[in-house]
Amino acid sequence: MLRAIALLLGALLGASALYEDQAGELDWYRQNVGAVLHADFHTAQGRRLVFVSTDVGMVAALDATTGETAWRQPLPAGERIVAQAIAPGAGALLVGSLAPDGALMARRWTLDGDLVWDVAVLPPAPDAPSPAALAFVGDGAESVVALWGASVTLVRGHTGERAWAWTHEAGEVSASWGGVHLTADRSTLVVYGRAGAGRSSALARAELAFASGAPASEVQLARAPSALDEADAAVLTLEPRFVVTLDAARTHLVFQADGDDGAHGGGAVRTSTMGAWSHASAGAHARILRVPLPGAVLVRLGEGHVVLVDLTTGEPHVRWEARAAGPVAIGSLRAGAQAIVAAVYAGAPAASLEQSTVLVTAGGAEVLPSPSAVPLTRGSYGAPSALYLGSYSKKDGGGVVQIAQRALLVTADGAVHGLADARALWAREEALARPEQLEFLAPPRARETEALADGPQYGQLLRAATRALGVAGGAGARPDGASGGGGALFADSFGFRKLVVVRTASSKVLALRADDGGVAWSALPSLDGQPVETLTMVVVPAPITHLDTDLLLVVRTLSQPHTYAALTYDGLTGELRAPAHSLPSRVLWSAPVPASDAALAALEAGARAPAVGHALVLDDFTVALLPDTDATARAFEAARTSIFFYLLDGAAGVIRGYGFARSQKQHGFRAVVRWTYILPANAHDLSIAQLDSAEAVHAPVQVLGDRGVLHKHLNKNLVALGYTQLDRAAPAAGPSVHVTVLDGVTGAAVHDFVQPRAAGPVKLALTENVVVAHSSAVPSGKPMLSLIELYDNATEPDYLAIMFSGSDAAALRARSSFEPRAPFALSTSFFVSAEVEAMAFTQTAKGITPRQLMLALHSGQMLALDKKLLDTRRPIGAPSTADREEGLMPYSPVLGPMPLQLYVTHGHRVERARGVRCAATTLESTSIVALYGADLFISRQSPAKNFDMLAPDFNKGALALAVAALGVGTVVTTHLRRRQELNRLWR
Amino acid sequence: MSSRRWDFSLATESNTKGGRAEGPSSSHLPKPPGFVEHAEALAAPTSATLTKAKGDVAKLKVKKAWEVAFSPGPQFAMNAFMLWMSGNQPNIFSIMITSYVMYNPIKAIFGAGQTFARFGDGQTDVTLQKITFVLLNAAVCGFGVLKMSWLGLLPTEPADWIAFYSVRTAAETATGGVPLGQ
């Protein structure tokens with residue numbers, strides 16, 4: 001009876017189950033935190049954690065031993081983290097960030113990642129300086145002090161309630177506070193900083209009643225002998241306390257001692273010439289490192305030169321100096337009340353890190369024996385840029401407890417490394433948190449397996465045999481996971497195996513495997529060892545399917561004057577194809593030069609692949625050919641009349657189209673203006689989009705319910721421009737969003753769509769003859785999708801001729817953009833329930849499968865919308881018979897709510913989503929979709945289900961059994977039939 | 001050794017020349033009562049009687065031929081009812097019924113000569129009946145074609161020719177360069 005009741009209850013309760021792609025079968029998700037700006041170590045419940053806040057607005061806790069993310073909390077988009085403090089005893093983490101509206105947001109988190117409170121500190125002045133400091137004061141993190149310009153704000157540590165705020169208002173000598181100190185009797189809060197500007201600069205000190213914030217006395221100003229540096233706030237050292245800053249020229253250290261009893265310890269403001277300490281010259285690059293040390297400061301003078309300046313002896317003198325060959329990163333930690341260990345890691349990029357450790361006490365500084373160099377063997381990370389230290393106790397061989405350190409190292413590419421005991425424990429490719437561009441690379445097809453792998457059934461057999469035999473290098477071979485990968489990577493029969501190449505904001509290029517997210521290779525480009533900025537990354541498709549795809553990077557050095565160069569990488573291995581090709585200027589446009597038939601034949605015959613020809617348009621509109629050979633020039637000459645490009649000048653509101661002409665120089669070509677399209681003067685929020693050149697289109701017509709057709713306006717060179725325009729003559733009408741569709745070859749305006757009462761920024765996506773634009777309604781702010789479908793007023797072909805010849809002769813000719821066409825457009829708009837950050841249409845091998853529009857939502861999820869939902873011909877009112885026949889749904893102004901199954905990210909969130917990319921696979925049903933932002937999500941999408949592939953749960957055993965049973969039945973019945981026939985003949 | 005135990009044969013010596021009849025000869029059996037061996041000799045018909053009889057047969061043949069010629073009519077009524085019942089949605093039943101309705105008339109048209117061969121004695125002209133038969137079957141077939149059209153099975157609309165449409169490649173390429181002025 002009880003069982004029956006339990007079963008009944010079970011049946012009544014809702015069932016929940018995982019989708020298979022949620023289990024990671026078809027998708028993967030990579031969560032990043034970004035490059036670390038602030039870090040604090042703490043061990044809680046036996047787990048060593050490092051609490052970080054990053055450049056992409058994340059607050060996270062990382063496992064210091066493994067590098068795994070313990071928890072992560074994103075701040076609202078647009079906030080920039082400026083401060084972090086930790087109170088381990090109180091289990092509190094404090095993070096300050098500047099919000100887009102100018103407020104300083106202070107948030108207190110528990111060490112488990114739960115938000116306790118947040119409070120907004122208003123700017124002290126409209127033009128308040130951006131540096132701000134947050135500090136816990138008092139026992140148990142009872143209070144939080146926010147120093148921001150001339151204002152001091154005290155917040156209750158447990159409730160987040162603002163207790164009081166005080167601003168030093170003294171006209172031109174307004175202070176900028178940089179340090180805070182609570183006196184031992186907890187009655188007075190002493191704040192330090194500088195005040196004034198120019199010749200009237202002074203070191204400032206104020207005493208405020210801790211309870212009320214009332215000034216206990218006048219602000220004490222100690223005039224400095226020269227103007228002070230206004231870029232950075234003053235630094236307050238630990239006991240013995242000094243207020244330290246630099247002069248405006250950054251050649252002198254300016255400091256003043258401060259008493260311990262709360263009274264102004266005063267002394268005169270002293271200066272010291274930094275040039276006298278070191279061979280390195282002080283100057284514009286000089287900075288005081290904000291490392292709390294007792295009576296000392298660390299000053300970075302120039303490249304590789306860091307000095308530890310002891311201020312306690314009356315006259316500052318250098319206790320220790322690091323002259324590393326490479327860049328230097330500094331970290332510090334407090335071990336006890338007085339002992340401070342400062343460590344410097346320096347070394348050549350991507351090789352090893354030399355460590356130098358200094359023990360700083362109130363009495364002086366002592367250089368400790370340096371451990372061996374920390375090797376960095378994975379990837380190319382660049383120079384160290386920041387270091388954060390954490391201490392822990394450990395016993396040496398003799399059982400003596402020693403203070404050891406673990407460190408968090410941030411390298412120039414943004415990667416975060418966990419170090420301990422001179423060992424690199426782990427590394428996180430946090431450069432991926434700031435992707436600029438994402439491209440799919442298809443591996444080459446292996447010659448020996450291509451014929452077999454063409455059919456999926458053979459491909460499966462081949463894979464199974466390869467697995468069984470353990471043969472490497474076959475259809476299933478892949479790199480070993482190390483940077484630069486060793487094994488060859490070949491395409492699989494389904495085309496699922498691809499490389500996802502990401503160019504990051506730090507100019508690093510990473511290639512991830514699309515099937516599991518592992519890093520296949522990574523590269524941080526450089527020129528003669530100098531760091532560079534990657535301006536553009538172009539995928540150069542292999543001219544034949546057996547060769548690797550190349551990546552062309554155009555880079556420039558960071559230092560002035562810039563040096564430009566083109567670097568060509570093997571896209572599959574990450575190896576540099578050839579030495580850097582120096583360029584005289586930046587590159588405005590680039591494209592591969594089509595290979596000649598003879599070159600293709602030679603490649604097919606097995607000739608070694610030469611560097612793929614490439615044409616680059618430089619700043620002066622001359623063309624640089626790579627390689628600059630007769631063959632490349634001939635190939636470009638043969639194709640130049642059919643190659644065009646366009647440049648959008650957003651500031652001038654102009655888009656210009658260019659063609660190519662010969663110049664007098666040998667192998668010389670130059671770009672010439674073919675057309676100009678001038679946008680309205682008051683157009684703003686410009687965006688531009690073009691069709692994916694690799695997009696496959698199957699049907700040139702749209703079949704209607706009455707079995708008529710609409711001829712799609714198919715043009716690979718369509719360019720969509722989106723912008724917002726406010727009609728100055730009728731401002732009450734509000735802004736409107738315009739989408740102008742141009743032909744990129746001729747500059748002809750194909751269509752101009754206007755969405756009234758809407759505003760940008762306009763996000764665009766194109767496919768076939770469809771343009772989708774996302775904007776926001778005015779004044780409601782509701783997100784909208786506008787849909788434009790372009791069709792041709794084409795005449796019907798001669799059906800009898802088609803019937804007898806088997807094809808439409810007109811369709812066999814290439815279509816020129818210069819042919820006259822008469823397109824017309826159908827358009828409509830829908831409200832959508834969520835703001836869209838980016839969107840793209842799915843791509844399939846032949847373009848037969850209906851497309852889906854993949855929307856990257858502001859919420860971090862990806863929504864798949866069937867194209868049938870986005871149809872301009874959805875009828876208003878009851879659909880007709882033809883509409884029903886076509887499957888047109890009645891028009892509804894609002895799309896949504898959408899079924900949960902359409903949210904392909906399921907439980908994942910891609911923070912700071914900024915782009916969607918889709919790529920076709922060999923299977924017509926399946927498209928690979930990537931959503932990227934601070935995180936990365938990749939999945940397979942089948943808009944019309946897997947009609948060309950067996951479902952994963954297909955019962956192959958039952959199929960085999962059925963086939964075997966049929967075979968047995970055939971044999972048995974054949975035997976019985978023969979026997980019956982023999983008997984009949986004998987009768 | 002033969003497995004045959006016994007047999008009985010009606011064969012006579014005259015029609016079994018050397019046959020296998022082994023019993024006594026049947027020619028010695030007496031004639032049945034009332035049997036006349038040469039009946040035609042008892043009442044020889046006159047020529048007028050013969051002419052009249054032939055005329056009746058010809059009329060009968062023509063009448064029968066017209067019946068055959070109009071036979072598709074009643075069949076069509078039944079088929080039309082079936083077509084109406086099957087509806088205008090293309091499904092397996094409607095397609096099967098339409099095929100059946102079209103197959104039989106076509107078969108009948110091609111077999112028209114054989115159908116009317118029994119009336120072809122060289123004196124009875126059934127050409128008109130044949131034409132009528134073919135026309136009526138063609139009409140039925142035409143109705144089947146019309147039904148196919150209603151079902152959407154005939155390539156009468158542009159959408160039926162999309163297999164022959166192909167996407168034209170672009171003669172030129174235009175791609176975007178780096179954004180300027182930003």
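Mentor: Happy to. In this predicted model, look at chain B, where helix 2 (residues 72–86) packs with helix 3 (residues 92–110) at an angle of about 160°. The axes of these two helices are 9 Å apart. Angles over 145 degrees count as roughly antiparallel, and helix 2 of chain B and helix 3 of chain B are therefore roughly antiparallel to each other. Their crossing is left-handed.

Now for the residues that meet. Helix 2 of chain B brings Asn79(B), Met82(B), Leu83(B) and Ser86(B) to the contact. From helix 3 of chain B, they are met by Ser94(B), Ile97(B), Thr98(B), Tyr100(B) and Val101(B). Sorted by class, this contact between helix 2 and helix 3 of chain B has five nonpolar and four polar residues, with no charged ones.

As for the cavities, there are five of 30 Å³ or more. The largest cavity holds about 70 Å³ of space. Its lining comes from chain A: you will find Val832(A), Ser833(A), Ala834(A) and Val836(A) there, along with Leu855(A), Leu857(A), Leu863(A) and Leu865(A), and also Leu895(A), Met898(A) and Tyr903(A). Strand 61 (852–857) and strand 62 (862–866) of chain A are the elements that give two or more residues to this lining. By class, the lining of the largest cavity has 10 nonpolar residues, one polar residue and no charged residues.

Notes. Residues numbered from 1 in each chain as written. Chains lettered and ligands numbered in written order. Predicted model: local features only at pLDDT ≥ 70, side-chain atom pairs only at ≥ 80, totals over all residues. Heavy atoms only, no water. Axes fitted to C-alpha atoms, helices over the stretch in contact; angles between N-to-C directions. Helix = DSSP H or I, 4+ residues; strand = E, 2+ residues; numbered from the N terminus. Parallel < 35°, antiparallel > 145°, perpendicular 65-115°, else oblique. Left-handed = near helix turned anticlockwise from the far one by under 90°. Contact = heavy atoms within 4.5 Å. Nonpolar A, V, L, I, M, F, W, Y, C, P; charged D, E, K, R; others polar. 1 Å grid on protein atoms, 1.4 Å probe; cavity = no way out; pocket = protein on both sides within 12 Å on 5 of 7 lines; lining within 4 Å. Points joined across faces, edges and corners; volume = space filled by probe spheres on them.
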